[in-house]
Amino acid sequence: MDVKKSQEGSAPMDRSEELRLVQKAKRQDAEAMRALIDAHKQRLFAFVWRMHRNHHDAEEICQDAFLKAFAAIDSFNPDYRFSTWLFTIAYRVTLNTLRKKRAVSGEMDWTRCASSEPDAEQEYAASEEASRLKEMIWQSVDKLSPAQRATVLLFYKQQMGCQEIATILETPVATVKSHLHRARAKLKDLLSPVLEEMSGSQRILGELAG
Amino acid sequence: MNCEQSQNLFDAYLDNSLTGTLATEFGAHQLACSHCRRDLALLEVAGHVVASDNEAPLLDDEFTSRLVECATSKPAKRPLKFSRALWVGLPAALAACLTLVVLFGDKDAASNANDKEIAPPSVLGFNKEVTTLDELRANVNDALSLNPDNEELKKLAETLRERSEKIIGDTRDGASLLQDYSEDAIRELIRSVPNNTQTKPADAKGNNGSQDDAMQDRQNGSSNSRAAKPPTEEL
Ligand SMILES: [Zn+2]
């Protein structure tokens, strides 16, 4: 996987180190909190930002998730990773925010936020058509239901297994597998016609396959 | 193997769980069928694009400091920069809650709340904010038990019951709920409640976790994977 630069902060934290920091955070140790935040913030933010495509909302949700996590850190179950717990809280807040938005403005207007700024380096997706397909892939991901979208992001981007995703989505593993299956089916339905009208589909796919 | 059978195995293939003869047959079909081959490649590419995503903007440097300061200060305050929702929702909640206090609640608690800058509004004797739908329901039900004949309270209790059944497991904060229930309706209701209701403050304990849990169970249909249950969302 050729990720050109790490935006995800430090490498995954060693489990015993994590537990040590959690213990200290329970005693309101600012440095421990700082270390926990720094280790997880960018990864969490990337997930939430992809769910919302809105910097302000995503930042607010991440902030809420951390504050809720610290406020209730006494109830943290050490059998789980801190990140799992954090993503669970963030996912809940995300769902509530999406619900409120829908309540206020009907369906989300994805066209407003669908296109992010073009990648300056474009390490892959060299050709125009490959770039277009890549953009279409994200637009299709945006069209998935929140649960399907979260599943796809956690599975592919965060490299989580179905069990961990089930914990985060607070749903049975079978439901996660179903989300993944339906998400793939929908992506295929949305993207297949796009690819069909592109000339040299094999080459385009080859470019994006990295 | 036909195309339908092949497509049904896409998940297993993509999750690396396709083995044995099925894997061989699947592979043979892909070699022979350009349609399936293309769809499969498309899904692989979609997964790859998501996996290699690094377009999320970076959080600013102050994020951590702001949060640490906020998490360690007592009572926990929220950084102003991001509390738009709070400030939009709070006035409505506060107005409604304080009105409730005047009619149902402990008068001392209400005046204390006015004295303290960050004191949460007290509702029906709770010295805490109405934070969840369940909590609001509990409060209204308490008020109803004191005023069993109040039609408006009955209506509100019923609305809240329907709402919480419709949005199972919902943890929306009380502020936004009050907002979209309509502040006017609540004010009207409060005005209509007779004054003999300032007697016993509602029981502030045990109305949160158990109801939340029950709703969560209904939502999940299974208690699977609940050990990491995070805190109930609060305002
Ligand atoms: Zn086929």
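The four donor atoms around the zinc ion subtend angles of 101 to 118°, which makes the arrangement tetrahedral. Every one of those angles falls between 85 and 135 degrees, so the tetrahedral label applies. One caution before I go on: this is a predicted model.

Who are the donors? Chain B supplies B:Cys3 through SG, B:His29 through NE2, B:Cys33 through SG and B:Cys36 through SG. Their distances to the zinc ion run from 2.1 to 2.3 Å. In sequence, the spacing reads C-x25-H-x3-C-x2-C.

Are B:His29 and B:Cys36 buried or exposed? B:His29 has a relative accessible area of 10%, so with the cut-off at under 20% it is buried. B:Cys36 sits at 0% and is buried as well.

Now the chains. Chain B has 12 helices and zero strands. Of its 235 residues, 48% are buried. Take its contacts between residues at least 6 apart in sequence: 60% of them join residues at least 24 apart. The accessible surface of chain B is about 11700 Å², and carbon and sulfur atoms hold 52% of that.

Chain A is built from helices too: 10 of them, with zero strands. It has 210 residues, and 56% count as buried. For contacts between residues at least 6 apart in chain A, 69% link residues at least 24 apart. Its accessible surface comes to about 9000 Å², with 51% belonging to carbon and sulfur atoms.

Let me pick one helix in chain A. H3(A) covers residues 55–71.

The N-terminal end of H3(A) has a cap, A:Asn54. A side-chain oxygen of A:Asn54 lies 2.9 Å from the backbone nitrogen of A:His56.

How many residues of H3(A) are buried? The count is 14 of the 17, so the helix is largely enclosed by the rest of the structure.

Part of those surroundings comes from chain B. Helix H5(B), residues 62–72, has buried residues of its own. They are B:Phe63, B:Thr64, B:Arg66, B:Leu67, B:Val68, B:Cys70 and B:Ala71. What do they pack against? Two helices of chain A: H2, residues 30–52, and H3.

To recap: a tetrahedral zinc site, with its donors in chain B, and a chain B helix, H5, packing against H2 and H3 of chain A.

Methods
Residues numbered from 1 in each chain as written. Chains lettered and ligands numbered in written order. Predicted model: local features only at pLDDT ≥ 70, side-chain atom pairs only at ≥ 80, totals over all residues. Heavy atoms only, no water. Helix = DSSP H or I, 4+ residues; strand = E, 2+ residues; numbered from the N terminus. Buried < 20%, exposed > 50% of the residue type's maximum accessible area, 1.4 Å probe, protein only. Contact = heavy atoms within 4.5 Å. Areas by Shrake-Rupley, 256 points an atom, 1.4 Å probe, with all protein chains shown as cover. Expected span 1.5 Å × (residues − 1). Polar contact = N/O pair within 3.5 Å; in protein donor to acceptor, adjacent residues only side chain to side chain. Donors = N, O, S within 2.8 Å, 3.2 Å for Na, K, Ca; no water. Tetrahedral: all angles 85-135°; square planar, octahedral: opposite > 155°, others 65-115°.
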